[in-house]
Amino acid sequence: MTTSERTITFLTDVQLITCIVQSGLGDIIVKAAREAGAQGATIFFARGSGVRERLGVLGVAVEVEKEVVNIVVASDQMEAVFDHVYLTGQLDTPGMGFMYVTPLEKAATYIPKEVVDRLEQ
Amino acid sequence: MNRGNRLYSSFGGVSIVSRHVSYNLLSPRIRRDIKGRIVPYVAPEVKLNFKDGYRLLKSYVANRFWGPFKVVVPVAVFLVVFQSIFLQPPVRDLGNMALGVCAVVVGLMLLLEGLRMGVSPMGEILGNTLPKKWPMMGVLPVVFMLGLGSALTEPTWRVLLNSGDRVTAEATPYLYALLHGWSEWLILVSGISVGLAWVLATLQWFHGWHLKPVIMSAAVPPFVLTVLAWFFPHVKEVAALAWDMGALVLGPVGMTVMLALGRGMVSAVGRGNETAQGLGMIALAAMLPVTGVLGLAFIMVASVPVSSIVADAAVIGTQIIEPPWYAVTPWIELGLAVGAVVPLMIFIMLLFRFILQEQVRGVGILVYGVVLSIPGLILLNVGMTLSLSYSGSELHSWLITRLSPAGVDGTVSRFAPGVEVAGIFVLAWVIGFAATLAEPGLNILGSHVERHSHGVLRARTLRFPVAFGAGCSSVAGVGILLPGLDPVAFLLPLWLLLLLLTWMAPEGWIAMAWDSGGVIPGPVTVPLMLALGTGLGGGMLGLGLFALMALGSILALLLVGLWGRGTIGWSEIS
């Protein structure tokens, strides 16, 4: 009886960029991240509070509902993606959102065999 | 302070500087009292300087402006191009048209924001509070009143009554009577039907009944009554009106309140079957009025003789009625818009204040929303009138001279008749598609779906098939009206097909599909389609076109649901 062999290729040097923006703007963030070389993103819906409650009347201009965009990037490209997302998403405007980077221990996903083979040579 | 400057090349011509600041320096000092407990920290208000305030407002407005803009402006450009190609006197009053289009875009923006910020949360809070405070027997009359009120104040279907002066008492006596002397009855019966639909909907939200049997059993009476009407020629002449009434009676304000009420009640009662999160019941509010109006027609035919209607019409016909000042643009739009929002909201507010004795938090923002939706509706309706009053009536007279054999006035067309007919079909598709895309009700429904599928079903997943279906069915409608066929004859087989597909499709999709049919012929679609339909329809007035559009969109969405089963199945999500 033969047991089939499966391998897990672990990725190191990965970092997670999380960007929280007002609902409806998540797609802009994903697009910016892809432009800067990120390969994928996950969006989920959330509700948040922050500067909105302190803006007084102007608070109506900030959406309560948020989209949280998770982007996993290689540590080398982190800076580029981070900056591009920040600038494209206009996070330097009050109420537009918040973003941060988390270091990740390791990651794994499907990696095409050719790519793995090429790297192992 | 850890501070390292780094100069970036540039971003869009702006040089970027980076610096690092410790968050410790920014977070507030927390004080403790004698017992070591934290004294709650209250963040001071943020005072924005002019530039930041401007940027905040700019992005707020821009994010809401481009949506309507991208839909409305292309279709306006298309209309102008179409008219300058086909119509003998090309478009006049481009200035008015441009002004109207601007008003429509801004109006849609304000209305959508108002519905989202004010009307919808109020409905949701009411739906959430009411069943907690009152027993069922107290909730149902309130819901009935809300439904009735929303239908009576809905401005959209009034255009059906306005088109009544093209009907003659001799040709179609009962249609004439319903649009003139009996119009109060028409309105009342439709309103009561909507109220009953809201009551039924409340029961569904409470008991978590399965949607399939509810929707399918509500879909039977309109079908049976219409088939019966085939044997009574006088009832048959009213059938198209009844179906259109169903499609139009719930406008953007009414459907927003209903959807929000459902969402609130479902979350308050928290029964197991929350598949559709209050969806699926807008369809009821469309089907019951069809049944009601057809029932009214049967009663009329049985009790009022044709001769008395014709005699009454002869009396009315001799009077020339000068419209009073409040019945002309823009006052009529103003009155209808205020009427569509204010009484309903006052009713809800009074409920809170005096009956539920509940304090509503964040009243300011609710009022802001409600206040915003009023100029929104006004601008939208005035804009539609303004941009269509010229192009629409020219289009209308062009359609009549080109198409009806009786109306040929001797002018020679630049095109072969086939080209013109093809042009009309393209026009019908574009109008059906784009107007539906711009429809505020569909936008509200789309964001509801998006929110409750946690973003898995995007609003556009809903809007594009619906608009596509509406476009196709408006083409079909033109194809039916051109040779002078009765649209109702085509509604019936379509209805059967819908029931079959409904039986096969998953629950969540049914709810969405049928609801979209209930919301789409709204304030944007109706004036445009009316310009098209009355031009084509001759004696039939183009009645039935709205119902056809609604059914077409339901069909499209059901097909998408069946095709996408497994890949984007709603059932997996909830």
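The following dialogue goes through how the labels on this predicted model are assigned.

Biologist: What makes a feature of this model count?

Modeller: The model is predicted, and local features need pLDDT of at least 70, side-chain atom pairs count only at pLDDT 80 or more, while totals for chains, interfaces and linings use all residues. Residues are numbered from 1 along each chain as its sequence is written, and chains are lettered from A and ligands numbered from 1 in the order in which they are written.

Biologist: What does Ala33(A) touch, not counting residues up to four places away in sequence?

Modeller: Ala38(A), Ala41(A), Ile71(A), Val81(A) and Val85(A). Two residues are in contact if their C-beta atoms, placed from the backbone, lie within 7 Å. By C-alpha atoms, Ala33(A) and Tyr86(A) are 9.6 Å apart in space and 53 residues apart in sequence.

Biologist: How do you know whether Pro222(B) is buried or exposed?

Modeller: The count for Pro222(B) is 26 other C-beta atoms within 10 Å, therefore Pro222(B) is buried. Pro222(B) belongs to helix α7 (residues 211–229) of chain B. Beyond four places in sequence, Pro222(B) touches Met287(B), Val290(B), Thr291(B) and Leu294(B). Ala242(B) lies 20 residues from Pro222(B) in sequence and 9.2 Å from it in space, C-alpha to C-alpha.

Biologist: What is said of chain B as a whole?

Modeller: Chain B has 21 helices and two strands. Of its 574 residues, 49% are buried. Among contacts in chain B with a separation of 6 or more, 85% join residues 24 or more positions apart.

Biologist: What makes a set of residues a nonpolar core?

Modeller: The members must be buried Ala, Val, Leu, Ile, Met, Phe, Trp, Tyr and Cys residues joined through C-beta atoms within 7 Å. The largest nonpolar core has 171 residues, and Leu241(B), Ala242(B), Ile282(B), Leu284(B), Ala285(B) and Val293(B) touch the most other members. Helix α2 (residues 94–133) of chain B gives the largest share of this core, 17 residues. A second, separate core of 21 residues includes Ile17(A), Cys19(A), Leu25(A) and Ala33(A). Back in chain B, Val293(B) is in contact with Leu186(B), Val189(B), Ser190(B), Leu241(B), Ala242(B) and Met245(B), leaving aside neighbours within four places in sequence.

Biologist: Why are α8(B) and α20(B) called oblique to each other?

Modeller: Two packed helices are described by the angle between their axes and the distance between the axes. Axes are lines fitted to C-alpha atoms, for helices over the stretch in contact, and angles run from 0 to 180 degrees between N-to-C directions. Angles under 35 degrees count as roughly parallel, over 145 as roughly antiparallel, 65 to 115 as roughly perpendicular and the rest as oblique. Helix α8 (residues 233–248) of chain B and helix α20 (residues 545–563) of chain B pack at about 55°, with axes 7 Å apart; α8(B) and α20(B) are therefore oblique to each other. The contact involves Trp243(B), Asp244(B), Gly246(B), Ala247(B) and Leu248(B) of α8(B), and Phe546(B), Ala547(B) and Ala550(B) of α20(B).

Biologist: How do you know how α10(B) and α18(B) are set to each other?

Modeller: The axes of helix α10 (residues 282–303) of chain B and helix α18 (residues 507–519) of chain B cross at roughly 55° and come within 7 Å. α10(B) and α18(B) are therefore oblique to each other. On the α10(B) side are Ile282(B), Ala283(B), Ala285(B) and Ala286(B), which meet Trp514(B), Asp515(B), Gly517(B), Gly518(B) and Val519(B) in α18(B).

Biologist: What makes Asp13(A) worth a remark?

Modeller: Most residues other than glycine have a negative phi, and most peptide bonds are trans. Asp13(A) is not a glycine, yet has a positive phi of about 60°. Asp13(A) is in the loop between β1 (10–11) and β2 (14–22) of chain A. Asp13(A) has 13 C-beta neighbours inside 10 Å and so counts as partly exposed.

Terms used. Buried ≥ 20, exposed ≤ 12 C-beta atoms within 10 Å, placed from the backbone. Helix = DSSP H or I, 4+ residues; strand = E, 2+ residues; numbered from the N terminus.
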